[in-house]
Amino acid sequence: MPTIVIHSNGQTYTDEVKPDTNLVVRAGIKQFPYPNLRYECGMGKCAKCACQVLKGAEHLPAPNWKEKKQLGERIGQGYRLTCQLWVTHDIELSQDAVCVPPAGTAAAAAA
Ligand code: FES
């Protein structure tokens, strides 16, 4: 069972989940990491679920086109869209207190 560690709002939350788990789907049904994972669309369109992967990135597939579009150069800093990830191994994530604006927007240019 993968162990998930999430750093959010200065706190650290840890729990185990079933293999091949999507954390946004779980949060949507009020299971861990609810309510400590910010998300909105669940479809790779809003970037509100963006997290920096601190450990376990080697087990993730390459970023898909939605992640590339929303995160831009932040992918090189280890950011991923949590709604686009199905977790099969231990992973440690950090979600910024402030939402990562989608790449290519005026808000992203100002960040
Ligand atoms: S929840 Fe909107 S991009 Fe992940």
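**Questions on the Fold of a Predicted Model**

Reader: What percentage of the residues in the protein chain is buried?
Author: The model is a predicted one. The protein chain has 111 residues. A residue counts as buried if 20 or more other C-beta atoms lie within 10 Å of its own. The share of buried residues is 27%.

Reader: In which order do the helices and strands follow one another from the N terminus?
Author: The secondary structure comprises three helices and five strands. Read from the N terminus, these elements run β-β-α-β-α-β-β-α.

Reader: Which strands stand at the edges of the sheet?
Author: The five strands form an open sheet with mixed pairing, in the order S2-S1-S5-S3-S4. A strand at an edge has a single partner strand, so one of its sides is left without a neighbour in the sheet. From one strand to the next, the twist averages 30°. The edge strands are S2 (11-16) and S4 (79-81).

Reader: Do S1 and S5 run parallel or antiparallel?
Author: Strands of a sheet pair through backbone hydrogen bonds, and both senses can occur. Strand S1 covers residues 3-8 and strand S5 residues 91-95, with five bridges joining them. Within this pair, Ile6 stands opposite Leu93. The sense in which S1 and S5 run is parallel.

Reader: Which residue of S5 stands opposite Val53?
Author: Strand S3 covers residues 50-55. S3 pairs with S5 in the antiparallel sense over three bridges. The residue of S5 opposite Val53 is Leu93.

Reader: Which residue in S4 is the bridge partner of Ala50?
Author: S3 also pairs with S4, in the antiparallel sense and over three bridges. In S4, the partner of Ala50 is Leu81.

Reader: Which element gives the most residues to the largest nonpolar core?
Author: This core has 20 residues, and Leu23, Val24, Leu37, Tyr39, Cys49, Ala50 and Leu81 have the most contacts inside it. At least two residues come from each of S1, helix H1 (23-28), S3, S4 and S5. With three residues, the element that gives the most is H1.

Reader: With which residues is Cys49 in contact, leaving aside its neighbours within four places in sequence?
Author: Cys49 is one of the residues with the most contacts inside the largest nonpolar core. Two residues are in contact if their C-beta atoms lie within 7 Å. By this rule, and beyond four places in sequence, the partners of Cys49 are Val24, Leu37, Arg38, Tyr39, Leu81, Thr82 and Cys83.

How values were computed:
Residues are numbered from 1 along each chain as its sequence is written. This is a predicted model: local features need pLDDT of at least 70, side-chain atom pairs count only at pLDDT 80 or more; totals for chains, interfaces and linings use all residues. Helices (H or I, at least four residues) and strands (E, at least two) are DSSP runs, numbered from the N terminus. A residue is buried if 20 or more other C-beta atoms lie within 10 Å of its own, exposed if 12 or fewer, and partly exposed in between; C-beta atoms are placed from the backbone. Two strands pair if DSSP finds at least two bridges between them. Axes are lines fitted to C-alpha atoms, for helices over the stretch in contact, and angles run from 0 to 180 degrees between N-to-C directions. A nonpolar core is a set of buried Ala, Val, Leu, Ile, Met, Phe, Trp, Tyr and Cys residues joined through C-beta atoms within 7 Å.
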